[in-house]
Every structure is written in structure tokens, then in C-alpha cells.
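Hi,

Here is the structure I said I would pass on. Have a look at it first, and then read my notes below.

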Amino acid sequence: MAPTLAEPFADSSALTEFVINQGNGVKGLSELGLRALPKQYIQPLEERLCMTNVVQQESIPIIDMSNWEDPQVAKSICDAASKWGFFQIVNHDVPVQVLENVKEATYRDQVLDYMKKSEVVIKQLLQVLMKGLNVTEIDQTKESLLMGSMRTNLNYYPICPNPELTVGVGRHSDVSTLTILLQDEIGGLYVRADKGDKNWIHVPPIKGSLVINVGDALQILSNGRYRSVEHRVVANGSKNRISVPIFVNPKPGDMIGPLPELVASGEKPIYKQVLYSDYVKHFFRKAHDGKQTVAFAEL
């Protein structure tokens, strides 16, 4: 039974029952037509995004993948992974129509097909990024380490009655090797401008593009040469937002640490070897806290 609108979810147990135990989720909350955000979703001031901290004149790189083996394109990818940790790719040959059919009964099959066809560009990106580390061969063992497991989320961000009081997703970096994000035209994704900086940069939707971001696993494997970056999603007061991320990960039983080729060349490791499943558990056992998870692997 849905709660009344008079004093919705004043009791936290009622909110837990409706959202989690009954499986209604935040989407169910939105469909109730609440006029005010339940107090349990109000975020502290320091966790809300102040628009005065958004850098309007900067944007993440946009890279044309139509000739991905071109040395200049490869350099652009590696530079973006090193400096930004985020970039968008266009002309990548991955069909992105999956966002157009969200209510279709066959959506599961479409998503699985989208994931399968994305593997081509994922392998292209990893090949380029490994060459940038002077790792010239991706054998079966290394491929398994870089992309041994993949999963996708179907993210739905419903209209929020008080978007200024909350967040869509709190600030964090991903635990993946790479994350491949397909977002709709609504926008709302922001990345940290620079380490320790209070400023954020909007990642504007570009029709047909994919957003690529470096995850913590690749930062650790590259010994810090490529860097994961904090990002967040703001709530929207007028439109629903949909995104479909693919998380490209090591296998849970893999040990992650600086690649042997980097250490063999004399590079001093700044991360220890950690079990990937332990790293992921550490991420999920705490609230979103920016890039603090990486410290778990530091020497």
C-alpha cells in the first residue's frame, strides 16, 4: 500500500519498507507524486553541487574513433586517460539505439546485444592504452585481467521535487578498468576538474557518443599513469534521465597491482597487489567518498 502524501515517510522504517522491501525503488517514490523530498534523501551541503563551482569554459576531450589505429588518435586517447580520466568517443561503430526502446519487452536482449557489440571498441581502447604503457602484447591472461568480467546497469533517475537538496549519484570513482557510458540527452553528469579542486565540469550529451572513464583498477594496473576521476550525477527537477554504463572489470579472483612490464622496466610501484574482490568489497562497504577507495591499494 502506498503512503499518503500528507506526511510521507516521516518514519524511516516506512521508507525502507516501500523502497527496498517492496521493491518500488526511487522510481516508485517519484510515481507517488511527492511534493517534497523525503528527509532521508536530503544531502549535507558539502555533498550538493553548487553551480558556482561548475567550470563553464572547459570540457573533456572528444575523440573520433573512425581511424583508431592512427598514432595521433592513440596519443589523444592515452593523453586523455592520463590527464582527464574521462573522454567521449564518436564514430565508434557501436549501435546506441538501446536508449530509444526503454519500455520494450525485448529490452534485455537489446542490452545484451549492445554489450556484445561494445566489446570491439573496448578491446581497441585497451590495446591503445596498453601500448601507451609499452605493453605491446595483450595475451589471454592479460585480457582476462583487464576485462575478465563485464556488467551493465540500467540507470533511471526520476524527476525529483527538490533537486537542489540532494544528488543523483554521490561523488565517487569507479572500481572498474574502464566504464563505457551511454547517456541520454538530458545531461547531469559532472567530473572533478582536477585533484583537490572544488570545481566540476559538465559532460554534455553528444548524440551517438560514448563516455569513457578510467576506473581505479586501471589506475592501479598502470601504476598511476592513467587516473580514475571523481564524478557525480545531479538530480533533475523537470525531466527523467536514463544512462547505461558498462563496467569492464578484472575477475573477482584476480590480483591487481602495477603491471609486471612496468616494474620490470625499473618503475617503482606505488600500489601493492590486492585481490580485486577485496577492493570491490571495500568500495561497497562505505558511503561514496570521492577517490578514497584507491588508498586501500597504496603502499
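**Two helices, then the rest**

Helices α3 and α4 are roughly perpendicular to each other, therefore falling in the class for angles of 65 to 115 degrees. Before going on: this is a predicted model, where local features need pLDDT of at least 70 and side-chain atom pairs count only at pLDDT 80 or more, while totals for chains, interfaces and linings use all residues. Residues are numbered from 1 along each chain as its sequence is written, and side-chain values use heavy atoms, with hydrogens and water left out.

Back to the helices: α3 covers residues 71-83 and α4 covers residues 107-131, and they pack at an angle of about 80 degrees with their axes 9 Å apart. (Axes are lines fitted to C-alpha atoms, for helices over the stretch in contact, and angles run from 0 to 180 degrees between N-to-C directions. Helices are DSSP runs of H or I with at least four residues, strands are E runs of at least two, and both are numbered from the N terminus.) On the α3 side, A74, I77, C78 and A81 meet L125, V128 and L129 of α4, contact meaning heavy atoms within 4.5 Å. That contact is made by 7 nonpolar residues, with no polar and no charged ones. (Nonpolar is Ala, Val, Leu, Ile, Met, Phe, Trp, Tyr, Cys and Pro; charged is Asp, Glu, Lys and Arg; the others, Gly among them, are polar.)

Next, a sheet. Four strands form an open sheet in the order β5-β10-β7-β8, with antiparallel pairing (two strands pair if DSSP finds at least two bridges between them). β5 and β8 each have a single partner strand, so one side of each edge strand has no neighbour in the sheet. β5 pairs with β10 over 2 bridges, and V169 has V233 in β10 as its bridge partner.

And where is the open space? The largest pocket has a volume of about 700 Å³ and is lined by 35 residues, with R151, N153, H172, D174 and F247 nearest its centre. (On a 1 Å grid over the protein atoms alone, a pocket is an open set of points with protein on both sides within 12 Å along at least five of seven lines; a cavity is a set where a 1.4 Å probe fits but cannot get out; lining residues have an atom within 4 Å of a point.) β11 gives the largest share of that lining, 5 residues. By class, the pocket lining has 18 nonpolar, 13 polar and 4 charged residues.

Terms used:
Grid points are joined across faces, edges and corners, and a volume is the space filled by probe spheres set on the points. Angles under 35 degrees count as roughly parallel, over 145 as roughly antiparallel, 65 to 115 as roughly perpendicular and the rest as oblique.
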